[in-house]
Amino acid sequence: MIFNKPSRWKKRPYSKYPFYPLLIFITSLILIFIFFITHNPFSNSTLPFSRISHSTPCSQKLPGQKFLMYAPHSGFSNQLSELKNAVLIAFILNRTLVVPPVLDHHAVALGSCPKFRVLSGNELRLAVWNHVFELIRGLRYVSMSDIIDLSKVTSDSSVGVIDFREFVSKWCGMNMDFACSRYSEVQSSLFKSSTQCGSALSGYDGNVPDCIYAVEDDCRTTVWTYQNNGEDGMLDSFQPDEQLKKRKNISFIRRRKDVYKTLGPDSKAGSATVLVFGSLFTAPYKGSESYIDIHEAPRDSRVQSLIEKIEFLPFNPEITSAGKEFTLQTIKAPFLCAQLRLLDGQFKNHWKSTFTGLKEKLESLKQKGPLPVHIFVMTDLPLGNWTGSYLGDLARDSRNFKLFTLNEENELVRKTATRLVTARQRAKLHSSSKNLNELKPCDSQTLPDLRLYIEESICSCASLGFVGTAGSTIAESIELIRKNRVCL
């Protein structure tokens with residue numbers, strides 16, 4: 001019989017819990033994993049995409065709703081005009097309006113409708129899309145609904161609206177809370193998602209049946225009408241002349257089209273979840289309209305009522321109050337408002353005619369007294385460049401005139417911007433049930449420049465009158481505010 005030699009080392013008795021080390025190891029891994037997903041900015045819940053993907057059927061992205069988008073452009077007054085037209089057409093077509101942000105002044109230009117030289121719908125839509133994401137990444141996104149009070153058209157459910165960011169978040173499957181993130185992985189993912197979705201919504205990928213319909217009719221070919229006595233399909237009164245056709249080698253024919261018949265529920269476009277326009281800007285030209293000719297709807301009382309409502313959409317109360325505050329606490333007397341556009345486009349070559357009307361008005365006020373005449377000056381000419389101009393002459397004549405201006409560094413401008421941003425954040429917190437510790441990167445916001453809007457509000461309070469620059473849409477906007485007696 002063979003016996004094993006006794007070991008020199010005494011064996012350690014078996015543990016009562018043989019799997020205890022393994023249990024500790026597994027528990028540690030679980031705790032590390034939980035810490036990682038809750039603190040790492042690249043977890044599934046925070047990456048700039050969600051369960052909704054580009055392959056998700058349209059009917060499942062935002063079920064039961066149909067939307068209208070458009071591509072605003074040019075200066076703020078033009079963008080406001082487009083917003084009004086968008087509200088009207090969204091109502092006619094029974095679609096929820098996607099409200100865009102305020103674009104930088106002339107960041108996107110349409111071109112010239114009278115010269116038949118404009119960007120195509122696809123080009124314009126994609127240019128606007130790219131600029132909007134620049135605003136978001138730069139923390140400069142300000143919705144049109146932050147500036148303009150839309151309560152007149154939304155309070156009675158006339159028109160449904162949704163903010164561009166909320167729509168994109170749901171439609172494109174992007175987590176817009178992190179669109180401003182500085183992490184390269186997040187930015188890369190966002191860029192890819194936004195490029196794909198922007199291309200689709202701009203029409204570059206073609207129309208998708210029952211999903212996306214991009215309107216290609218623009219001011220070179222179409223004037224939109226509504227219930228206009230059988231004009232649908234007729235030639236418009238304004239057409240390119242023969243000389244222009246030869247010089248530009250164009251063959252456009254402008255037709256008047258009923259927007260409801262062409263894009264309504266019984267049309268090819270009607271089944272699409274998202275209807276995407278390009279520009280919605282229009283202006284009178286040679287007895288017609290450049291693009292939209294819907295000024296009345298005698299056979300549709302609801303549309304007629306909305307047309308009357310959107311004729312004037314006021315600024316939000318914070319902006320209107322700021323204008324009144326400047327009038328009462330800074331000017332402190334009856335005053336004249338002078339809106340002088342001197343540097344932009346066609347206006348830089350018409351200083352003499354711009355100043356003529358102001359000179360005549362001031363001479364009249366100076367004769368009537370009392371002196372000095374208080375003047376609020378709203379101009380794009382920097383104060384340092386007034387020397388040698390009529391404005392410089394007025395500034396020096398302190399016995400007869402007292403001038404007031406507003407700049408973006410003014411405390412009132414900054415205070416109003418702070419109130420606006422704070423109100424927006426509170427509304428977002430309320431709607432999403434967040435707390436202050438849960439604010440995402442895009443909830444931080446650089447203060448928007450509200451000077452233009454506050455200046456217009458101040459001018460609406462000018463009891464001695466208003467002198468504006470001929471042809472300026474800003475002057476037209478101020479006249480409309482004054483007509484509606486907002487400052488009273």
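This is a predicted model: local features need pLDDT of at least 70, side-chain atom pairs count only at pLDDT 80 or more; totals for chains, interfaces and linings use all residues.
Local features are reported only at pLDDT of at least 70 and side-chain atom pairs only at pLDDT 80 or more, while totals for chains, interfaces and linings use all residues. Residues are numbered from 1 along each chain as its sequence is written, and side-chain values use heavy atoms, with hydrogens and water left out.

Helices (H or I, at least four residues) and strands (E, at least two) are DSSP runs numbered from the N terminus. An open sheet of 4 strands has the order S14-S13-S12-S15 with parallel pairing, where two strands pair if DSSP finds at least two bridges between them. Strand S14 (401-404) and strand S15 (466-467) stand at the edges with a single partner strand each, so one side of each has no neighbour in the sheet. Strand S13 (residues 373-379) is joined to S14 by 4 bridges, and the two run parallel; Val 373 stands opposite Phe 401 in S14. The parallel pairing of S12 and S13 extends over 6 bridges, and Leu 336 stands opposite Ile 375 in S13.

Burial is defined by relative accessible area: buried is under 20%, exposed is over 50%, and partly exposed is in between (1.4 Å probe, protein chains only). In S13, 7 of the 7 residues are buried, so the strand is largely enclosed by the rest of the structure. In a regular strand the side chains alternate between the two faces of the sheet. Both faces of S13 are covered, with Val 373, Ile 375, Val 377 and Thr 379 buried on one side and His 374, Phe 376 and Met 378 buried on the other.

Nonpolar cores were identified as sets of buried Ala, Val, Leu, Ile, Met, Phe, Trp, Tyr and Cys residues joined through side-chain atoms within 4.5 Å. The largest has 107 residues, and those with the most contacts inside it are Leu 97, Ile 147, Phe 167, Trp 171, Leu 201, Phe 277 and Phe 376. Helix H3 gives the most to this core, with 10 residues. Another core, of 18 residues, lies apart from it and includes Leu 336, Ala 338, Val 377 and Phe 401. Contact here means heavy atoms within 4.5 Å. Leaving aside neighbours within four places in sequence, Phe 277 is in contact with residues including Leu 68, Ile 89, Arg 125, Trp 224 and Tyr 291.

The buried residues of helix H17 (residues 473-483) are Ile 474, Ala 475, Ser 477, Ile 478, Leu 480 and Ile 481. These residues pack against H3, strand S12 (335-340), S13, helix H16 (451-459) and S15. The N-terminal end of H17 is capped by Ser 472, a side-chain oxygen of which lies 3.2 Å from the backbone nitrogen of Ile 474. After H17 comes Arg 485, with a positive phi near 50 degrees.

Glu 82 is located in helix H3 (residues 76-92). This residue is buried yet has no salt bridge, and the nearest side chain of opposite charge, Arg 125, is 10 Å away. For such assignments, Lys and Arg count as positive and Asp and Glu as negative, whereas His and the chain ends are not counted. The side chain of Glu 82 reaches the backbone nitrogen of Leu 280 at 2.9 Å. Apart from neighbours within four places in sequence, the contacts of Glu 82 include Tyr 70, His 73, Ser 279, Leu 280 and Phe 281.

A salt bridge is a side-chain nitrogen of Lys or Arg within 4 Å of a carboxyl oxygen of Asp or Glu. The whole structure contains 16 salt bridges. One of them links Lys 170 with Glu 166, whose closest N and O atoms are 3.0 Å apart. The two residues are 4 residues apart in helix H7 (residues 164-171), a separation of about one helical turn. Lys 170 is partly exposed, with a relative accessible area of 35%, and Glu 166 is partly exposed at 39%.

Asp 217 and Lys 257 form a salt bridge with an N to O distance of 2.6 Å. Asp 217 lies in the loop between strand S6 (212-214) and strand S7 (222-225) and Lys 257 in strand S8 (residues 255-258), so the pair ties together parts 40 residues apart in sequence. The salt bridge of Glu 408 and Arg 451 has an N to O distance of 3.4 Å. Glu 408 lies in the loop between S14 and helix H15 (411-432) and Arg 451 in helix H16, so this pair ties together parts 43 residues apart in sequence. Salt bridges that share partners join Glu 231, Asp 236, Arg 254, Arg 256 and Asp 293 into one network.

Key:
A polar contact is a pair of N or O atoms within 3.5 Å; within protein, one must be able to donate a hydrogen and the other to accept it, and residues adjacent in sequence count only if both atoms are side-chain atoms.
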